[in-house]
Amino acid sequence: MESFGHAHTLSGDNASRFGNYTELQFSDSGKLEGLKTIEYYLERSRVSHAPSVGERNFHVFYYLVSGIHGEEKTHLKLRDVHDYRYLQSRVRRSGPTDQHRFDQLKQAFRAVGLSTRLVAQICQLLAAILHIGNLQFRSAHGTEEGSVATDMELLEVVADFLGVTTEAVSELFAVKTLLVRKEICTSFLDPEEAETVRDELAQTLYSLLFSWLNEHLNQKLCKDSFGSLIAILDLPGSQSRQGSAGEVNSVDQFCFNIATEKVYSWVLHRVHVAAVEEAQQDNLPIARFPYFDNTECVNLLGNSRGGLIHIMDDHARKRKTDTSMVEAMSKRHGGHASFSVDPITSHSGRSFTINHFSGPVSYSAENFLELNANETSADVLRLLRGDSATARSASELEGSNNPFIKSLFSSKAIATRLHPRHEETIVAVQQSVKPMRAPSTRRKRGPVLQAIIEGDPGDAESVGGGNDQTGAGQTLQCIAGQHWSAVTNLLETFEHAHAWYIFCVKPNDSHLSFQMDIRTTRFQIRSLGITELALRLKGSCEIRMTHAEACDRYQEEFTIRGIAEGLPDSQRLADLQRVLRLSDDQMAIGSTRVSLDAILLCLAHVSGLFVAQYLSSIGRSSESGRTWIHRAAG
């Protein structure tokens, strides 16, 4: 998935351009037996609008063009990297060549069981996207209307790879079907509008391919029932293009940033608030540390009645203007410490700034609502999936003759809006950013994890795997709201999990090895609140269980230590703490639960004398040493 979802950016050589949830599924005996992967918002605009300075498109395009040779390259009509408009960046990655990485990608395809035919279909679609990007248009002359491609031979290649006729593709770039006051109208496209349709087609094909590949891996590897899991959530992190030549922050950066803001708020609450409340409920002493709380910014974004996301989604649904959106935000939140409207200058249009925990980011309002609506022309759906209700030609009736491309436009991936009067007529389509699957959850009872439908609370005593796939539906929803809701649901599944936190800190902004910029590093440490988090986590215990669970798990250790049975569980645990000479930081016994340092996990497997000696040496070590063990385990 890295090949398809990562790219070289100014912030990293292999930067993720989507939120990636990976779930490793284990049997009761601890054997890895399954995997689930869920995508949380792909930066699809990069396909056609990768930043021109210092960044590249998604890795897989470069791997394909550089790595394919001979008859395969001839069949796909591929040339050199610099011949493609979507691959104009001259940046070179460090490490292995793109050709070598393409060989690794083919090995990965084989490892997950993708057939040679499917791999060929994927490569052909990627090549088609590159060829689509090279299409250029001119105004029609004579009896022609709309726009026409300047290179008909290239258009024929695109049509062949998509499995449709050249005439059908030409019509896609010449006219557009619109719904105006409940009436279906046809509008002729000028060359600039045809280029917009071109890029929209390329983005749609790539994002659908990405989602299909993600789901195909799940169908191959994901288990419906298993014993336990380890989940990894990797987000792109805070994003800002301010300072880049000609680049602005828009919906993509906004979605990445709101997810990061939400997850960071959850971490702060989990570490600073929930831990204190839990200790107090169990009558355990715990120190409080002051920290920066970003709750106000999270509420500004996600308040269901008047939050920024609510305002922008509402304005997008009602087809209002970008200017009216900014005015509504200013009217509602003009005095908020985390929000401001930027003054209009001769070099920039309307924009607004949000003070995220990582720093202020200014977002351009230009085309913000259109991008947030994320609607694709129904003409694209008719061209490739077919539509018997409104087909204007035989090709639109049947759709693509390529089963692979046609399958990408399934109801699971595409949401549609129907005509208010004619329910068989599709007037707009959208690829939902809502994940097809939900994270697996373990609840109070049950030997294994099993599938549940996403969003179903289920029985409080049940277990669930979130593997029942849901369709995209018949309602078009805006990107920001969908993404915020998906991240919120994800974090709810983490509430009863044991969490470890990894914060990525860049040593410098120049991608230089073995060099650290003190100012850059200090700013990131302060923004992330690393010092406060370290102070809070320094005295925390990683393992928590009831007294009965602890006595049952470490029964062998009680026997070795000569701690008699029949005593209250709390007394037996206190005796074990005394015998092992453990401090309260290493073993804290509350009124109902005991909290243990992670090193005690080896009690059930290692010689008691060795453990006692080892724990004794750890107890005499410095605080920084103990904290290092804690973080290393993460």
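**A buried serine, then the rest**

Tutor: Start with Ser 207, which sits in helix 9. Keep in mind that this is a predicted model.

Student: Is Ser 207 buried or exposed?

Tutor: Ser 207 has a relative accessible area of 4%, so it counts as buried; the cut-off for buried is under 20%.

Student: Which residues does Ser 207 touch, leaving aside its neighbours within four places in sequence?

Tutor: Those contacts are Leu 42, Arg 44 and Gln 431.

Student: And where does helix 9 lie?

Tutor: Helix 9 covers residues 191-221 and lies across strand 3 and strand 4. Its direction is at about 160° to strand 4.

Student: What sheet are those strands in, and what is the order?

Tutor: They belong to an open sheet of 3 strands, ordered 4-3-9, and the pairing is antiparallel.

Student: Which strands are at the edges?

Tutor: Strand 4 (32-42) and strand 9 (228-234) are. Each has a single partner strand, so one side of each has no neighbour in the sheet. From one strand to the next, the twist averages 15°.

Student: How many bridges join strand 3 and strand 9?

Tutor: There are 7 bridges between strand 9 and strand 3, which spans residues 18-26. As one example of who faces whom, Leu 24 is opposite Ile 230 in strand 9.

Student: Which strands does helix 18 touch?

Tutor: Helix 18 packs on the sheet and touches strand 3, strand 4 and strand 9. The angle between its direction and that of strand 4 is about 150°.

Student: How far apart are the end C-alpha atoms of helix 18?

Tutor: They are 22 Å apart. Helix 18 has 15 residues (479-493), so at 1.5 Å a residue it should span 21 Å, and the two values agree.

Student: Which residues of helix 18 are buried?

Tutor: The buried ones are Ile 479, Ala 480, Gln 482, His 483, Trp 484, Ala 486, Val 487, Thr 488, Leu 490 and Leu 491.

Student: New topic, backbone angles. Which residue has a positive phi of about 60°?

Tutor: Asn 283 does, although it is not a glycine. Asn 283 is in the loop between helix 10 (251-281) and helix 11 (295-302). It is exposed, with a relative accessible area of 61%.

Student: What about Arg 581, what is its phi?

Tutor: The phi of Arg 581 is near 55°, again positive in a residue other than glycine. Arg 581 is in the loop between helix 23 (569-580) and strand 16 (587-589). Its relative accessibility is 62%, so it counts as exposed.

Student: And Arg 526, where does that lie?

Tutor: Arg 526 is in helix 19, residues 518-528. It is exposed, at 65% relative accessible area. Arg 526 and Phe 357 are 169 residues apart in sequence, yet their C-alpha atoms are 9.8 Å apart in space.

Student: Zooming out, how many helices and strands are in the chain?

Tutor: The chain has 25 helices and 17 strands. It has 634 residues, and buried residues make up 50% of them. Of contacts between residues at least 6 apart in sequence, 66% join residues at least 24 apart. The chain exposes about 30800 Å², with carbon and sulfur atoms supplying 51% of that.

How values were computed
Residues numbered from 1 in each chain as written. Predicted model: local features only at pLDDT ≥ 70, side-chain atom pairs only at ≥ 80, totals over all residues. Heavy atoms only, no water. Helix = DSSP H or I, 4+ residues; strand = E, 2+ residues; numbered from the N terminus. Buried < 20%, exposed > 50% of the residue type's maximum accessible area, 1.4 Å probe, protein only. Contact = heavy atoms within 4.5 Å. Areas by Shrake-Rupley, 256 points an atom, 1.4 Å probe, with all protein chains shown as cover. Expected span 1.5 Å × (residues − 1). Pairing = 2+ DSSP bridges. Axes fitted to C-alpha atoms, helices over the stretch in contact; angles between N-to-C directions.
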